[in-house]
Amino acid sequence: MLKIMSIAGARPNFMKLASIARAIRSHNEKGSTPAVEHIIVHTGQHYDKKMSDSFFIDLNIPQPDINLEVGSGSHASQTADIMQRFEPVLLEQLPDALLVVGDVNSTIACTLVASKIEYPEGHSRRRPIIVHVEAGLRSFDRGMPEEINRILTDAISDILFTTEEQCLTHLQNEGIAKEKVYFTGNVMIDTLMQHVEQAAQSTIKEQLHITGEYTLVTLHRPSNVDRQETLQPLVKCIEEIASTKHIVFPVHPRTFNKMKEFSLLDALEKNPNITLAGPLGYLDFLNLIKDASVVITDSGGIQEETTVLKVPCVTLRENTERPVTVDIGTNYLIGVDPDKIKETVFNIFSGKGKKGAIPPQWDGKTGERILKVILSVH
Ligand code: UD1
């Protein structure tokens with residue numbers, strides 16, 4: 001029996017965990033050996049039903065065995081809180097492997113605890129093997145909290161699974177031995193492929209009264225939403241685009257709070273060309289991406305999902321840790337200059353959008369490949 005403990009904390013983790021959980025379930029159902037016990041720990045970083053629970057239901061992820069219920073806070077207090085609450089859980093469960101995904105505060109907090117833990121004397125291991133899924137992505141922007149989380153998590157992981165070929169070079173440049181790194185592809189795309197048909201059945205467009213073509217917008221990156229001087233021109237730009245094509249904008253709680261604080265919400269709510277919604281479930285959101293004319297976003301994962309669905313994506317960031325989506329896929333890295341955003345979006349409206357291709361290893365089988373490696377090296 002091999003005991004794997006997985007960590008999930010924030011929304012983008014859940015799609016990644018779903019693929020791993022599915023691979024483990026299928027391994028056990030086939031009666032393959034060794035049997036794998038899978039313990040899921042939810043840190044509680046995201047706690048709203050719409051930011052968390054609905055994903056477990058939509059994606060058929062087993063309910064977390066343990067919830068640390070940390071909630072929101074500053075980076076320091078949230079990270080510290082997760083670490084303090086996670087340490088006794090790890091010492092009680094003593095898993096063979098700790099699997100972390102992505103780059104959120106929960107990822108680094110639990111990795112750091114596991115790297116220094118001492119299992120009790122007599123146990124066959126001193127600490128769990130640390131497995132990082134989605135390793136080696138780099139934006140080279142250390143102003144992004146996620147970039148710090150990525151660098152630190154990779155530095156202290158034992159097995160690193162990457163989504164793009166370039167990730168290996170980044171890791172080697174940071175002194176990480178190439179023997180630890182496996183290019184297995186993208187677990188988030190596994191989950192997308194498994195759910196795209198089901199997502200097509202979603203009635204979200206009817207619920208939001210969307211009948212024609214539309215542009216889908218998401219914004220949540222602190223660098224775009226936390227300051228009025230950046231958020232206000234972006235909102236104005238969205239309003240201008242909406243006068244050409246309808247906009248659907250599911251609003252992240254961080255962005256909602258900031259738009260309210262800066263008195264930007266009223267005008268958006270009153271605009272007949274804009275449909276605002278709260279955070280959406282996975283299947284509903286996938287349905288909206290799939291049929292959008294363009295997606296405008298600052299998310300990391302959406303750059304990858306649009307590439308696979310062949311929908312043009314305009315990314316409101318100066319850099320991306322996922323360059324394959326620009327080089328091979330449908331992504332445009334534009335930044336936050338309203339004129340450049342409008343020019344790109346209108347160009348795509350006129351039919352000149354990238355068609356793109358699917359990056360290597362993004363074939364829906366990454367979760368199985370990852371489990372195979374873990375079983376062979378544990
Ligand atoms: C986190 C991740 C980010 C990821 C994003 C997806 C870090 C450093 N950032 O950012 O990489 O892209 O999740 O959403 O880990 N809030 C709620 N309900 C919730 C969760 C949050 O209302 O369930 C509000 C709170 O006001 C909170 C704010 O959103 O303070 C930000 O949440 P937090 O988890 O700190 O960061 P995100 O911006 O969501």
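**Terms and basis.** I call a residue buried under 20% relative accessible area, exposed over 50%, and partly exposed in between, using a 1.4 Å probe and protein chains only. The model is predicted, so I took local features only at pLDDT of at least 70 and side-chain atom pairs only at pLDDT 80 or more, while totals for chains, interfaces and linings use all residues. Residues are numbered from 1 along each chain as its sequence is written, and side-chain values use heavy atoms, with hydrogens and water left out.

**Backbone angles.** I started with His209, which is exposed at a relative accessible area of 69%. Its phi is near 60°, a positive value in a residue other than glycine. His209 sits in the loop between α8 (204-207) and β8; helices (H or I, at least four residues) and strands (E, at least two) are DSSP runs, numbered from the N terminus. Leu94 also has a positive phi, near 45°, and belongs to the loop between α3 and β4. I then found a cis peptide bond between Thr33 and Pro34, with omega about -10°. Pro34 is in the loop between α1 (11-29) and β2 (36-42). I noted these cases because most residues other than glycine have a negative phi, and most peptide bonds are trans.

**Ligand site.** Which residues are closest to the ligand? I listed His46, Asn105, Glu146, His220 and Arg254, out of 19 residues that surround the ligand; a residue counts if one of its heavy atoms lies within 4 Å. For polar contacts I used pairs of N or O atoms within 3.5 Å; within protein, one must be able to donate a hydrogen and the other to accept it, and residues adjacent in sequence count only if both atoms are side-chain atoms. A polar side-chain atom of Glu146 is 2.6 Å from a ligand oxygen, and one of His46 is 2.8 Å from a ligand oxygen. Tyr47 uses a backbone N or O atom, 2.9 Å from an oxygen atom of the ligand. The ligand taken alone exposes 750 Å², of which the protein buries 86%; the areas come from the Shrake-Rupley method with a 1.4 Å probe, and for residues only the protein chains shown count as cover.

The elements giving two or more residues to the shell are α3 (75-93) and α11 (253-261), and α11 gives the most, with 3. Why does the ligand lie between the domains? Domain 1 (2-185 + 363-377) and domain 2 (197-349) both give residues to the shell, so the ligand lies between them; the bounds come from an automatic or database domain assignment.

**Strands.** I took two strands as paired if DSSP finds at least two bridges between them. Seven strands form an open sheet in the order β3-β2-β1-β4-β5-β6-β7, with parallel pairing. β3 (66-67) and β7 (181-183) stand at the edges with a single partner strand each, so one side of each has no neighbour in the sheet.

I then turned to β8 (214-217). Tyr214 and Leu216 point one way and Thr215 and Val217 the other, and all are buried. β8 runs parallel to β9 (246-250), joined by 3 bridges, and pairs in the parallel sense with β11 (294-297) over 3 bridges. Thr215 has Ile247 as bridge partner in β9 and Val294 in β11. In β9, 4 of its 5 residues are buried.
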